[in-house]
Amino acid sequence: MNSELSSLQVKDIGEQGLLERLQRFCPPEIIGDDAAVLVTAPEQSLVVTTDILIDGVHFSNLTTSPEDAGWRAAAANLSDLAAMGASPLGITVGLGLPGEVRVSWVERLYQGMTECLQQYNTPIVGGDIVRSPVTTLAITAFGQVLPNQIIRRSAAVVGYAIVVTGVHGASIAGLELLLHPELAKNLKDAERTALIRAHQRPQPRLDVLPILWKILTPNSQLFVAGMDSSDGLADAIIQICRASGVGAVLECRQIPVPKTFNHWLPQEQALEYALYGGEDFELVLCLPQELALALVQHLSEGAAIVGNITSGSTVLLHDEQKKFPSQVLNLSQGFQHFNS
């Protein structure tokens, strides 16, 4: 790309010029009308989710390339579909931009989205572009799911095991390394790279769903509770318990963290990252103990049973080795929009 093209700004080509450039990221047979038409499989339910990402809140040029920002935006929405048990059909993209943004930045953003979506055969099927004082990305994702395979937060039952599909804390660790490079002095290059990649290129766990349904096939009337851990592991478990009217006990030694943490972080810091760091995009699922064990055995390294659903309403973090005091988890300890 020559310097003239790379310096081209959105205001230089206008809305129609930018739309013309971005249409190449969409399937030509779907776009071109006032709305996209998506066909669901027979007897499946439509699942819809929307995420908004703001420059300076969810991504930053200091820590995220345009490609990575696009990837993370797509991954966040696909993760929400996975959390509902749904397979993706497509996404629409609403983009608010200052006129001074370079066209190449926008194209790189869409390239990152496309790189993520292509792994799951998911197209960009439309959207909108407007002028905005702050770069804003609003994605709506559409998926489909059989009614008896919908995963809801409200389906947890006393006695269910709590499964996480992978390690927690890697994303926040990667962000800290990007913001404070000096923290990497005790890390090997490969370890640092892996943690940063966990932050910049998270993987939505749509791969878990076929395994889950295979395990549950003999129990087709059994409902699974769950959500993703994009706002932190503690947040996910608390939200599930609130929606289901139950409590939980977590065993802190069973919470999986990256192996790197063992020689890099104090145990207290590693646990805080795992519980409250967020943006790991793993699934947190509640199901009967026997089926939970089978699911963990079929998943990749890092999946684990971290606790059990209990009666009452308290979510308790417990350490059977008694090196950490038991504590009641609550939402105020993690990130919440509009908190001071």
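This is a predicted model: local features need pLDDT of at least 70, side-chain atom pairs count only at pLDDT 80 or more; totals for chains, interfaces and linings use all residues.
Let me start with His263, which, leaving aside its neighbours within four places in sequence, is in contact with Asn186, Leu187 and Glu191, where contact means heavy atoms within 4.5 Å. Residues are numbered from 1 along each chain as its sequence is written, and side-chain values use heavy atoms, with hydrogens and water left out.

Although His263 and Asn186 are 77 residues apart in sequence, their C-alpha atoms are 8.5 Å apart in space.

One of the contacts of His263, Glu191, takes us to helix α6, residues 189-200, whose twelve residues should span 16 Å at 1.5 Å a residue, and whose end C-alpha atoms are 16 Å apart, which agrees; the expected span is 1.5 Å times one less than the number of residues. The buried residues here are Glu191, Leu195, Ile196, His199 and Gln200. Seen down the axis of α6, these buried residues fall within an arc of 165°, so they line one face of the helix, the arc being that of the directions from the helix axis to the C-beta atoms. Their cover includes α3 (66-83), α5 (170-179) and α9 (261-264).

In α5, in turn, the buried residues are Ala170, Ser171, Ile172, Ala173, Gly174 and Leu177, and what covers them includes α3, α6, α9 and α10 (267-276).

Now to helix pairs. The axes of α3 and α4 (residues 103-118) come within 6 Å and cross at roughly 40°, the axes being lines fitted to C-alpha atoms, for helices over the stretch in contact, with angles from 0 to 180 degrees between N-to-C directions. The two are therefore oblique to each other, given that angles under 35 degrees count as roughly parallel, over 145 as roughly antiparallel, 65 to 115 as roughly perpendicular and the rest as oblique. Among the residues that meet across this pair are Trp71, Ala74 and Leu78 in α3, and Trp105, Leu109 and Met113 in α4.

Trp71 also touches Gln119, which lies in the loop between α4 and β3 (124-131). Gln119 is partly exposed, with a relative accessible area of 43%.

The second pair is α7 (residues 208-216) and α11 (residues 289-298), whose axes come within 10 Å and cross at roughly 140°, and these helices are therefore oblique to each other as well. Ile211, Leu212, Ile215 and Leu216 in α7 meet Leu291, Ala294, Leu295 and His298 in α11.

Finally, α8 (residues 233-244) has end C-alpha atoms 17 Å apart, against a span of 16 Å that its twelve residues should have at 1.5 Å a residue, which agrees. This helix is mostly covered, with nine of its twelve residues buried, including Leu233, Ile237 and Cys241. Just after α8, Gly245 takes a positive phi of about 70°.

Notes
Helices (H or I, at least four residues) and strands (E, at least two) are DSSP runs, numbered from the N terminus. Buried means under 20% relative accessible area, exposed over 50%, partly exposed in between (1.4 Å probe, protein chains only).
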